[in-house]
Amino acid sequence: MARQSASMNTSTTSDYWADGLGEAKLTALGGRSALFVMAADVEYGPHLKKRFAPLISGVGPVEAAVELTTALATLAERERLPDLVVSLGSAGSRVLEQTEIYQATAVAYRDMDATPLGCEKGTTPFLDLPATVPLPLRIPGIPEASLSTGANIVSGSAYDAIAANMVDMESYACLRACMCFDVPLVVLRGISDGKSELHHIDDWTEYLHVIDEKLAAAVDRLGEALAEGRLKR
């Protein structure tokens with residue numbers, strides 16, 4: 001991590017403070033400053049509330065890109081960019097264990113298809129990025145999985161077209177915003193659905209309370225890794 005705030009302490013995961021800057025609140029975590037980003041309040045349960053105050057971006061890649069870019073631009077203007085952005089919440093998967101937590105090792109943008117122009121599916125024209133962008137940081141002890149971001153809810157046979165292990169609607173957008181400000185990104189996702197077809201919002205929210213508790217434990221593990229210098233590349 002390249003940046004460290006002048007006012008940053010060397011807190012462990014048991015010590016948290018939030019520095020409110022509009023809607024973006026920086027949290028001290030393992031002696032570093034972190035900006036936590038979540039899509040919706042429904043994913044922000046009581047266990048996570050004890051640990052940080054997130055930027056709630058809204059659902060989907062457009063909202064996430066707009067809100068996180070605005071927040072980071074404001075922080076940059078005040079010379080308060082975080083050492084780390086953490087995108088966390090739920091994800092879908094039909095191959096990973098339901099309610100378990102995974103860290104993303106790479107993110108793809110499944111909405112992008114410029115193949116009629118001769119581009120590889122998933123790559124953005126005139127942007128020098130591969131279809132799948134690796135995320136280099138690793139938290140010891142947390143299972144790893146690849147991630148696909150897009151604007152659609154994936155269910156049932158829609159998984160057939162997706163090579164990644166899990167799907168969400170915000171993380172690729174968060175990555176692109178972070179790249180603009182040279183801030184590293186960690187993505188943590190709890191698997192909320194995917195084993196069966198989604199028919200109602202309750203099919204998504206049924207296990208969010210379990211994911212909340214497990215995500216909180218993952219945040220603690222991240223803080224410990226930061227404090228001990230074990231966040232690996």
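Q: In which sense do β8 and strand β9 pair, and over how many bridges?

A: This is a predicted model, in which local features need pLDDT of at least 70, side-chain atom pairs count only at pLDDT 80 or more, and totals for chains, interfaces and linings use all residues. Residues are numbered from 1 along each chain as its sequence is written, and side-chain values use heavy atoms, leaving out hydrogens and water. Helices (H or I, at least four residues) and strands (E, at least two) are DSSP runs numbered from the N terminus; two strands pair if DSSP finds at least two bridges between them. Here β8 and β9 (residues 166-168) pair in the parallel sense over 3 bridges, with L147 standing opposite M166 in β9.

Q: Over how many bridges do β6 and β8 pair?

A: These strands are joined by 6 bridges, again in the parallel sense. L147 in β8 is the bridge partner of V107.

Q: Why is β8 described as largely enclosed by the rest of the structure?

A: Buried means under 20% relative accessible area, exposed over 50%, and partly exposed in between (1.4 Å probe, protein chains only). Strand β8 is largely enclosed because 5 of its 6 residues are buried.

Q: How is the aromatic pair of Y109 and Y172 arranged?

A: A pair of aromatic rings is described by the distance of the centres and the angle of the planes. Rings of Phe, Tyr and Trp (its six-membered ring) pair if their centres lie within 6.5 Å; planes under 30 degrees apart count as stacked, over 60 as edge-to-face and the rest as tilted. The structure holds 3 aromatic pairs. Y109 and Y172 form a stacked one, at 5.0 Å centre to centre and 15° between the planes. This pair links distant parts of the chain, with Y109 in β6 (residues 101-109) and Y172 in helix α3 (residues 171-181), 63 residues apart.

Q: How many residues does the largest nonpolar core have?

A: In soluble globular proteins, nonpolar side chains tend to be buried together. A nonpolar core is a set of buried Ala, Val, Leu, Ile, Met, Phe, Trp, Tyr and Cys residues joined through side-chain atoms within 4.5 Å. The largest has 34 residues, and those with the most contacts inside it include L35, L72 and M166. Helix α3 gives the most to this core, with 7 residues. A second, separate core of 26 residues includes M38, F52, L208 and A216.
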